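Welcome! Below are a few exercises, each with a solution you can follow step by step. Have a look at the structure first.

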Amino acid sequence: MNSIKKSYIETFGCQMNERDSEIMGLLLSDSDYLPTEDIKQADVIVINTCSIREKAEQKVYSLLGRLKKLKGKKPSLIISVTGCVAQQEGKKLQARMPLVDIVLGPQQIYRLPELINKVSVKGAAQLAVGLSPTFEIPKYAPPSPAETVTEEEHKDSPEPAFKRFVTIMQGCNNFCTYCVVPYTRGRETSRAPEDIMAEITALADQGVKEVTLLGQNVNSYGRGHDGSLKYITFPELLRKVSGINGIERLRFTTSHPKDLSTELIDCFAEIDNLCPHFHLPVQSGSNRILKRMNRKYSIEDYLAKVEALRQVRPDIALTTDIIVGFPGETEDDFMATMDLLEKVRFQGAYSFKYSDRPQTKAVSFDSKLDDQVKSERLSILQSRQNIISLEENRKYENSVQTIMVEGESKNGDGQWSGRSMSNIIVNFAGSVLVPGQSVNVRITEGLLHSLRGALA
Ligand code: SAH
Ligand code: SF4
Ligand code: F3S
């Protein structure tokens, strides 16, 4: 009798990686590996890795360290490392960690079943880290409803079944001097609009109500390998996708300020189901540092775009990414970033201490900062931003927000949890609700990372 084979996937990093893990999960199911939540039961373990900061990379090695015992007890276990660390390290990863059977770069994930098969047959380690400058994202048909929407899977999936990510482009050509992504994900590649439309139409037919269009730099969507416009522009794509029957909420991430056009800003006035949330990474408030980062915009450009967005959608929630302690960042540069927090008043900010990444230009920059200085600056910045976030969330008190229900709140207090159009988590009391259902909630309290309310 054939015993059932099981697979376990651990995902680090960004939403691109989450989507890649989803695809690998489906490929594994298609080759008869059922997903398990218990790593000990797995016959195949996939670690989908992130290399964006030093800390992210360290997590991978500590997880691999913990897997040694498991592999010792079960030699047939196949361990696969995929994603950005796999791409970056390649062969070196297998040399350092002999328990790794498969190393697979982000462009190669579709070959996972084939390589698992090779490992089982030949027993030899497999490596696939090709990064083609003319890579095309394969057409990927979502599975039919009968295969996905069982109660069991629904409960375990990281995102509720009514919400899906759709990759519209991969890679990045911007070469910010601190960033590893152009080296791990390769050149920017857009997907054909017909493929994107077909995928989202199929998702909508299965009951998906919210899609997030994904890419490292979605604002420059549509260009071919030579950099000229090959398909349609991002605003044109948004208009097309927004018309798909059943899509109630449309989001996208991430954006680069230099490519944020007037046409895109106008979309926020004209497209009803485009959610009023914009994640617009600024990185620094100092023009001198922005230049050293190769960001190609000034703080004045950034502020003008924020102003224009707020003109067309006064309720738009802005979030951002900030790096503190970039090489050469002076006290004045840091103060310019603090000043920016006051000028923009972001709903939220993800902030990080700069860390050197392999192959990037900033590695060779002088005037690196002490870790202690970076930590101090990070904590000053986060304390101030927390106050601003709380104040901004309190502004929602007494307003009525349309919330898409995600499920019962994790606290087990009988509360429900969902998200506002501007992507803020809202917890509220309610009776029998269904995930994906839209309800009106009156906000009673604004907290640091969420809102509390009651059904209106
Ligand atoms: N494509 C997005 C960002 C992707 S990476 C953009 O264009 O902004 C997510 C965030 O990680 C970045 O916005 C940046 O703030 C942070 N980051 C990237 N490289 C880093 C490094 N070497 N050290 C610290 N933070 C870094
Ligand atoms: Fe990295 Fe810059 Fe590309 Fe964003 S735009 S992925 S920060 S190189
Ligand atoms: Fe990390 Fe790669 Fe995404 S480095 S942030 S997983 S593109």
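## Exercise 1: Around ligand 1

To begin with a contact: an oxygen atom of ligand 1 lies 2.7 Å from an N or O atom in the Gln283 side chain. (A polar contact is a pair of N or O atoms within 3.5 Å; within protein, one must be able to donate a hydrogen and the other to accept it, and residues adjacent in sequence count only if both atoms are side-chain atoms.) This is a predicted model, where local features need pLDDT of at least 70 and side-chain atom pairs count only at pLDDT 80 or more, while totals for chains, interfaces and linings use all residues. Residues are numbered from 1 along each chain as its sequence is written, chains are lettered from A and ligands numbered from 1 in the order in which they are written, and side-chain values use heavy atoms, with hydrogens and water left out.

**Solution.** 
- Step 1: (Strands are DSSP runs of E, at least two residues; helices are runs of H or I, at least four.)
- Step 2: The shell holds six nonpolar, four polar and five charged residues. (Ala, Val, Leu, Ile, Met, Phe, Trp, Tyr, Cys and Pro count as nonpolar, Asp, Glu, Lys and Arg as charged, the others, Gly among them, as polar.)

## Exercise 2: An open sheet

**Task.** In which order do the three strands of the open sheet lie?

**Solution.** 
- Step 1: The order is β7-β10-β11, with parallel pairing (strands pair if DSSP finds at least two bridges between them).
- Step 2: β7 (163–167) and β11 (249–253) each have a single partner strand, so one side of each lacks a neighbour in the sheet.
- Step 3: Five bridges join β10 (residues 210–214) to β11, and Leu213 stands opposite Phe252 in β11.

## Exercise 3: Around ligand 3

**Task.** How do the residues around ligand 3 divide by class?

**Solution.** 
- Step 1: The residues around ligand 3 include Cys14, Asn17, Arg185 and Gln216 (a heavy atom within 4 Å).
- Step 2: The shell divides into five nonpolar, four polar and one charged.
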